[in-house]
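The following paragraphs are meant to be read beside the sequence and the model. They take one chain at a time.

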Amino acid sequence: MVWALRATGRVIRWLVLAAVLIAAAPVTIVTAIAAGTAWLRGWPPGRLRRAAAAALLMTLAWAVGLAVQSSGRWHRLASAPWHTWDIAWHDALTGHLLAAAVLSAPVAVPAGLIIAAGLWAWRIYAIAAGLTGRAVSAPMIFDTRQWRRAARTAKARAAAPGAVPLTDARGRLVIGTTIRAVGHRWRPVLAVPYEDLGRHQVIIGASGSGKTTLMMRLWAGWFTTAWQRYRAGRAARPLLAVLDCKGGPDARTKAERARKLLHAAGAARVAIWPDEATLSLWVLPPAALATTLFQMIESGEGSAAFYADVMAATVRLAINAPGGPPTSAAGFLDRLAPGWLEAAYAGRPAELAAVAAAQPHLGAIALRYRNLLERLGPSLDGPGQLADADAWYFILEGTAEQSVAEAQAKALTELIAHAATSRTSPPRVILLALDDYSAVSGKVPLSNLYERGRSLGMGVQVSAQSWHGLGGDEDERYRIAATADGGLWLLRTPYPQPVCELAGTRKVIESAHKLTGATWGDEGTSRLQYAWTVDPDIARSLAVGQAAYIHAGGCTWVHIARARPSPLALTPTPAPSPVPGPDGPGTRPAQPIALPGPPPAPAQPPSPGDLDDAFTPRRHP
Amino acid sequence: MTDPFTTLGLPADPGLTTEEVRAAWRAIATATHPDRPDGGDPATYAAASAAYTALRTPWGRSEAYADLTAARIPHPVPPAPTVISRASAPPAHLLTAARWLPARIHHGRPARLALRLLAAAILAVTTAISGAGTPAIAGVLTGIATWLLLSARGDLAPPPGR
Amino acid sequence: MTISGPPPLPARRADAGSIRLTDRDIAGLLLCGEMYGAPYDLLAAALDVQPARLRGIVARWRTAGYAQTGRLGPGPAWCWLTRQGMAVTGLGYPPSRPSLARLAHIRAVLAVRLSMADSPAWHDGAAWWRSERRIRAAAGWGHPGGHVPDAEVSWPDTSPTYPGECWAIEAELTAKPAGRTVAIMTGLLGHTEGYKPGVRPPGAPSYDRVIYLTTPAARPVVDRARAELPAHLATRLVVRDLPPGAVL
C-alpha cells in the first residue's frame, strides 16, 4: 500500500513537471538547447549566466516597448506577461510558430539561460560529488571529457583575432582563453593585472610546451601597458631586459620575434646584445665596478682565499686610482701593467704599500683579466648604455661557453641594477626576464637576484625547463617558487608535483556508495576531502600552448594565444592621397608621403671655442 | 630633410627585411647612377646611398625608426583636469574607434564577420515580418544586436595600442 | 788675318748631374712622405707655387728617383715617394702608391692640414702636425684594433693659443653607422695610453679635444653621434665642416 502511494506520488510529480515543461515550452526549449550546448562545448555554468545577463537587454527593450504601448495604464503592463503567453500559445496552436517564438523570446531566452546555468552547475556538482552517474567511473569520464571539450573551445576562441588582444581596456595583460578555473572566477579570457608583473613570476615548462609564446606575450603585454602609462604621464618610461641564457641560433630567432612584437607595442629601440649593440661595463660606480670585476673571475676558498683577497685589493687599487676609474678594458689592463700603480699612487704611502704587497701577483692577475676580457670581447666595452633602448635582448651562450656567460650575466645584472637605482639618469620602470637562468646562475644565485629586484622595485620573471632547473638545490627552488607573488605559470613538464604542492589543496565532497550486485544501492556516505588545486595529471598531459596560472590560492587553466604584432600601427601614417597626373586626378600612382623629419637638433651648447682661429685661413698681406 | 625610409620609397617599418631594403636601393641606384649615359641624378643617388647605409642592417632600421617615432610621438603630458560641460562633443575615443573600424575589419576575419552580419540580418528581417507585435519585435531585435556586438568583437583585429 | 769663333762654354760644375734640393723640395718631399702622397693642386698650394711650376719641381724629384707621379683617379695627378725618397728624407715608412680607396680621404686630411697651417693660431702658436702614418709607426696604441686618429695636432706649452693641448683630428667623408662613430669618438676621448711619467698624470685623457671635420653627407651622423655622448665627453668634441678643396 505504501509502495503504491509512493509510486502514485512519483507519477503525479512527473506529470506535473511535464505539464509545467510543456506549458513553459519556450523556456524549456531554450534551457535544453543551452544546457546541451554547454555540455557539448565544455562551457562552465558561468558562461551561461553571462549570456543570461546579456539577454536581459532584450527583456528590458520588450518591457520598455510594452510600457510605451500601454501608455501609462499600469494594470495592462502588469498583465502583459500572462497576456503575451496566452497570445503566443494561441499563435503556436494556429500554426504561427514564428510569431509565437518572437513573442515569447524576450522572456524565454534569459529565463531559459539562467535555468540552464543552474541545471548545468548542479549536474557538474552532482557528478563530481558522486551523487549521480550511471557508472562508478562517471566522475573521471565526465571530467576528462569536459576538459577535452573545454580545451577545444578555448583553442577555437583563441584563434579569433579580437578575442585575445595583448591588453584589455583596463590595461591588464590578456594571456589566452580560459579552459577551466579552479578557485578563480571564470572569465572567457585570462587577464593578469599589470601590477603582478611588477612582482616576481616563475614560468616552468619543458621545451616545446609553449613557454616562449607565453613569455613573448607577457613581455609585449607588459610593455604595451607600461608604454601607455608613460605616454599618459602616469609612470616612468619602461625598460625591458631579457637575458636569454641558453644562446644559440634559437636565441636569435626569438630575439627577432621579440623585436617585432615590441616595436608594435610601442618600443622605439630594441637592442640585441651582443650582435648589434654593446654596453659599457665601465659606467658602473667604482665600488660596484670593482666588486663586479672581482666576482667575474673564479676565486677560490680555503688556502686560495689569500690569493682572492690580493686580487680583490689589486682590482680596487686599479679602479680607484687618482684620475678616475678606467673607461675601457684596455685602460683597466694598462693599470695592471708594472709601474702604473706605483706611478699613479706616488706620494701616498699607504696605497704604495698595498701595491708593493700585491706586486708579486700582479702579472698573474693581469693575465687572468686579460684572458677574461678578451673572451668577453667588445660587447661590454661600450659604447652604449641601457638607456639607449627601450628593450634589450641579451644573448648569453650559456650552453657553449658557460664560464663566459656567467661572467656576462654577472656584469649585465649589475648594470641593470645600477640603471634601477641611478640618480643621474631618468627613472625607468624595469622588467627583468631571465630565460633558462640556471645555465648561468653560478655567479649570481637566482634567489639573490630576486631579493635584489624586490628591493629595487623591479619585476623579475624567471623561466626554467623543469622544477630542477630553477635552482641548484631543493631549498633554492622552493625559495624561488614560493616567493613568486606575481604568480606561477606551469606548462607541460614531466615533474609538476612540487608546483602542485605549492599551489595547495581545495575542499571537495567525496561520496561512497554501497554496491548491490553490479549497481549502486541506495545507501552511502559523503565526506569532506582535500584535492589538489592543480591536478598533477592534467599538468603532465597538457598540450602545447596550455598552461596553468597559479595565483592567490587558485588556478586558471588557459590556452595561450600566440602573440602577433598588431597590424595597426601605434601612430598611424596618413593614407597616401592620389597625386593628380597630367591627365587628371588619379592618373598617377601615389608617391610616398614625406613624413615629418626628426625635430631639428637642439642648439648645441657652445663648445669651448669653435676653434675658428685654428681653421680659418689668415688674410695674406 | 626626408628620413631614409622615404628616400628609398619604403614604409617606415622596422620589420623590413634586408632584401627589401636592398631591392629598393638597387632600383633607385639603377635609375640615378651618375655613370648613366644621361648623367643620372647624382644628388638622388647620393641620398639613396646614404639611406641604404642607414637601413641595411636590422639595428640601423631600428635606429632610423626610433628617430622617426621620436619625432612623431609627443612627450607625455600630465592628464588635464576633466571639464564637464553641457554641450560636450562626442568622446574622442569613440571617434577614434570609428576611424579604426575599417582597418580592424580588414585585418580581422572579414569573411566570418560578413557571415555573422548576414545571419543577423536574416534573423532581423524574419523577426520584423513575424507580426508578433512591436514590443516583442523590439526586444528580439535588441537581442540580435547584442549578440552581434558581443560575438563580432572577436572577428575584428585588436585596436592599435593593444 | 785673325778669325774669331763662338764664345767658350762655361766650365761644367762639380755637382753637375746631381739634384740639389732646396728647402721647398725638402718640404714637399716630407709632405708627400708623411701624408702617403699628395695631389698636385694641394701640393702646389702647400709649396706656394703655381700648378704649372709644380710640374717642373716634381719632374726633378722624379728624375732623382725620389718620387713617382701618376693620375690615380679623377682630378689632378698624384705624387708619392719611392724607397729612395723615403731614405733620403729619413722617414723610413714603407714606400707604396696611395691606395685608390683612400685617395679621397688622404686628400681631405691633407686639405685640413694645409688649412690649419694657414690659420692665425697655427702661425702664432707654432703647433705641429703628427700624421697618422707617424702615429702608426710609433705603435704606441694599446690593444690591437684601437682606432688611430687621422692626425694629432700638438700645441707647445708656450703657445699663446691652446697652450699644452693635444688634439685628435678626424676627417669624415661618408656617413658611417652611428654606433661605430660613437665608438670611435668614445675611444678617442677616453684614450689614456701613451702615458709617459711626468708628461700627463695617469688616467688623464690623451687628447684635450677631438676635432671632426665632415662633409655635408656625414654631418648628420656625426652630430647625432655627438649627441649620444655623455656630457663630460661631448664638451671636448668639436664638429666642423671640411675646408674648401678637401673634396673634389
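Strand 7 (residues 428-435) of chain A runs parallel to strand 8 (residues 459-464) of chain A, and 5 bridges join the pair. Two strands count as paired if DSSP finds at least two bridges between them; strands (E, at least two residues) and helices (H or I, at least four) are DSSP runs, numbered from the N terminus. Within this pairing, A:Leu431 stands opposite A:Gly459 of strand 8 of chain A.

This is a predicted model, in which local features need pLDDT of at least 70 and side-chain atom pairs count only at pLDDT 80 or more, while totals for chains, interfaces and linings use all residues. Residues are numbered from 1 along each chain as its sequence is written, and chains are lettered from A and ligands numbered from 1 in the order in which they are written.

The sheet in chain A is open and has 11 strands in the order 2-1-13-12-9-3-8-7-4-6-5, with mixed pairing. Strand 2 (189-192) and strand 5 (270-273) of chain A are at the edges with a single partner strand each, so one side of each has no neighbour in the sheet. On average, neighbouring strands of this sheet are turned by 25° against each other, direction ignored; axes are lines fitted to C-alpha atoms, for helices over the stretch in contact, and angles run from 0 to 180 degrees between N-to-C directions.

Two helices lie across strands of chain A. Helix 15 (residues 402-421) of chain A lies across strand 4 (237-244), strand 6 (391-395) and strand 7 of chain A, at about 160° to strand 7 of chain A. Helix 16 (residues 446-456) of chain A lies across strand 3 (200-204), strand 7 and strand 8 of chain A, and runs at about 160° to strand 8 of chain A.

Two packed helices are described by the angle between their axes and the distance between the axes. For helix 5 (residues 80-93) and helix 6 (residues 97-128) of chain A, the angle is about 155° and the axes are 7 Å apart. The two helices of chain A are therefore roughly antiparallel (angles over 145 degrees). Where they meet, residues of helix 5 of chain A including A:Ile87 and A:Ala88 face a set in helix 6 of chain A that includes A:Leu103 and A:Val107.

Chain B has 7 helices and 0 strands. Of its 162 residues, 31% count as buried, that is, with 20 or more other C-beta atoms, placed from the backbone, within 10 Å of their own. The mean pLDDT of chain B is 79, and 82% of its residues reach 70 or more; pLDDT is the predictor's confidence in each residue, from 0 to 100. Over residues 73-90 of chain B, pLDDT stays under 50.

In chain C, strand 7 (residues 209-214) is largely enclosed by the rest of the structure, because 6 of its 6 residues are buried. In a regular strand the side chains alternate between the two faces of the sheet. Here both faces are covered: C:Arg209, C:Ile211 and C:Leu213 are buried on one side, and C:Val210, C:Tyr212 and C:Thr214 on the other. Strand 7 of chain C runs parallel to strand 6 (residues 166-172) of chain C, joined to it by 6 bridges, with C:Thr214 as the bridge partner of C:Glu172. Strand 7 of chain C also pairs with strand 8 (residues 237-241) of chain C, in the parallel sense over 5 bridges, and there C:Val210 stands opposite C:Leu237.

Key: Buried ≥ 20, exposed ≤ 12 C-beta atoms within 10 Å, placed from the backbone. Contact = placed C-beta atoms within 7 Å. Parallel < 35°, antiparallel > 145°, perpendicular 65-115°, else oblique.
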